[in-house]
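Colleague: Please take one part of this model and go through it closely. Then carry on from there.

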Amino acid sequence: MNESRVDPVRNEYLYSVLNVPTTSSASEIRERYRALSVIFHPDKQRGERTKDTAALEFLEIQKAYEVLSDPFLREVYDFLGENALKNPWPTELRSQSVEQIRAHLRQWRIDRSQEMFDRLIQPRGTVTCGIDASTLFARSDDLDYDSRGILARFRGARVSQFAIRHSVTKVLSEKTNLKFTSHLGLGPRNDLLSRNNLMGTIRHQFSPRLVVEATAHFLDPHLVVAKASYEDNDNTLNCRVHFIPAFWNVLPPASTVSFSRRLFRHASTVGSVAWTFSPLSMGSFEFDIHSPQPFDFSSPENYVHYTERMNADFTNKPGSVSGLGVGLRAWSYGFQLSGINSCIKTEWTIWFFELSLRFKAGLEIGFRRLAYLVTATWTNTSATISTSFGVSTEGLIVRLELEYLHQKWILPITLSTVRNQTLEFFSAVVPSTVLLLGYHFVLKPRRQLQRTLYFRKAERLLKEENSHLKRRVGDTVGLLSETAKRHMQTEKSRGGLVILSATYGPETDAKGLTIDVTVPVQALVHNSQVHVPGHRTKAGIQGFYDPAPASPKSLRVRYLFRDRQHYAEIPDYIPVVLPLPGVSIVLVWVYSCLTTFFRPKIIK
């Protein structure tokens, strides 16, 4: 905009440039633009000074017309202002109705307001309400005679714990922030850390690797906690000290030192040790090994390069229709030495990125108890739902968690204070059944719909935006046709390799995204062989192009060799060797079997 002018209200400024009302029609805006263009067009000016001024005015007029003459951009400008014009809006919004566009813009404005508020003070809240429902499932022999009725069992359920924790964070600088936390709790008061308190925390990042943090409790017992963390590419060192200043001379500070290191250069396995010293109890020593292993059965490139890290962003990727093809599995095991509380423990986790689902199972065996825990968590951009149940010699606890916009509600429910195998069985079976039904009837159909929309969008873009590319590829095929014809005649005369048909695309049913590459493949034939190196896409071969970026593709070829017909389907990043030798046929068949479950048919 012209800097010499006063910056007025942004969502009416472009109207003032053309001097039209906000209710003006498209024809009125066009007529006013033409009238102003005649006056301020630089080519109609004679003097150099006036030409420069007219050029600035003309650019401003032209920009105003470009926005106000576009129905979609005009809605964005009217509703959100000029800054919103810079956002990369989805192309499918332009084909929607005015009401749908306004609803989308209204939701966008709400989301941006929430993000701005969150960046300002970063509010975080947690409400914990523990319920003791052990009387509902207790055996009749363990209850008094008057407590065995249904109503009496419900009256026996009680709130065993209630706590509220809330914090706000103020960013003081790029490296320093200040956090205030309040904690209100009702329940057992034998733990100093669970008492009502107000806390202040200051955190400073001295460098990208070194962070220091200090927390002070303003109410009794006036605890002070200091933390320091150092992290580089392969190592992490954490130190934690907490003490009560009034008892500094009597009780030495409790300390925890932990160190973790990446154990192998080409793997993500991490080993960690931790030592804790406490003046009021026996210290402890812990050792753990954690190994995450990503997997991706939906993309041939990741199937080949299985050690590479994967990008978990599936906004512009079709992924697998089942939602189970891409994820991360991890295992960990270790032990803890702490006197009678010593134990060995193991944990297994699997995370399905496309469904945002995570399952975790843990087992702990010690001198005092045997316990195991199973957790299922679903996460999206603004909400998290988690359910878990834990079984130990102390009983059975089911824990429900809900988090929305960084506000968390936790509901731990004690179902039994003693071992109850029947209750443990149903506590595991019922949530698992609900999860399977939810996956089959909700998550999987939604994943299929996402893939369908992705391929439809890719087909539309292929028709609308890639016309120049398709024309160039067509010309390339024309240049290759004479070579392909000559190779075919030579191979036919000696019973060699003749390409009957060849297609390249993402799915056999996505016909709109499958391109015919028969001529380019026949042109590659040399001495009755075709060889294309692997570990890279085939879209760069002359006569090929990528019809669906980020989608796994395959080359499908029907050919004659020694007067016998054969068929080969080779994933994009697998080398092509035609005719297929026996070993290659087996490898391709094994790969197809592995990926069949994750590549079902496309829904039209």
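**The sheet, then a helix pair and a glutamate**

Modeller: Four strands make an open, antiparallel sheet in the order 19-18-21-22. Strands are DSSP runs of E, at least two residues long, and helices are runs of H or I, at least four, both numbered from the N terminus. Strands pair if DSSP finds at least two bridges between them. Strand 19 (515-516) and strand 22 (564-571) are the edges; each has a single partner strand, so one side of each has no neighbour in the sheet. The model is predicted: local features need pLDDT of at least 70, side-chain atom pairs need 80 or more, and totals for chains, interfaces and linings use all residues. Numbering starts from 1 along each chain as its sequence is written, and side-chain values use heavy atoms, without hydrogens or water.

Strand 21 (residues 554-561) pairs antiparallel with strand 22 over eight bridges. Arg 558 has Tyr 567 of strand 22 as its bridge partner.

Now the helix pair. The axes of helix 2 (residues 26-40) and helix 3 (residues 48-68), lines fitted to C-alpha atoms over the stretch in contact, come within 10 Å and cross at roughly 165 degrees, on a scale from 0 to 180 between N-to-C directions. Helix 2 is therefore roughly antiparallel to helix 3 (over 145 degrees). In contact (heavy atoms within 4.5 Å) are, among others, Tyr 33 and Phe 40 of helix 2 with Phe 58 and Tyr 65 of helix 3.

Last, Glu 491 in helix 10 (residues 467-493). Glu 491 is buried at 2% relative accessible area (buried means under 20%, 1.4 Å probe, protein chains only). Leaving out residues up to four places away in sequence, Glu 491 touches Gly 496, Leu 497, Val 498, Val 525, Asn 527 and Ser 528.

How values were computed
Parallel < 35°, antiparallel > 145°, perpendicular 65-115°, else oblique. Buried < 20%, exposed > 50% of the residue type's maximum accessible area, 1.4 Å probe, protein only.
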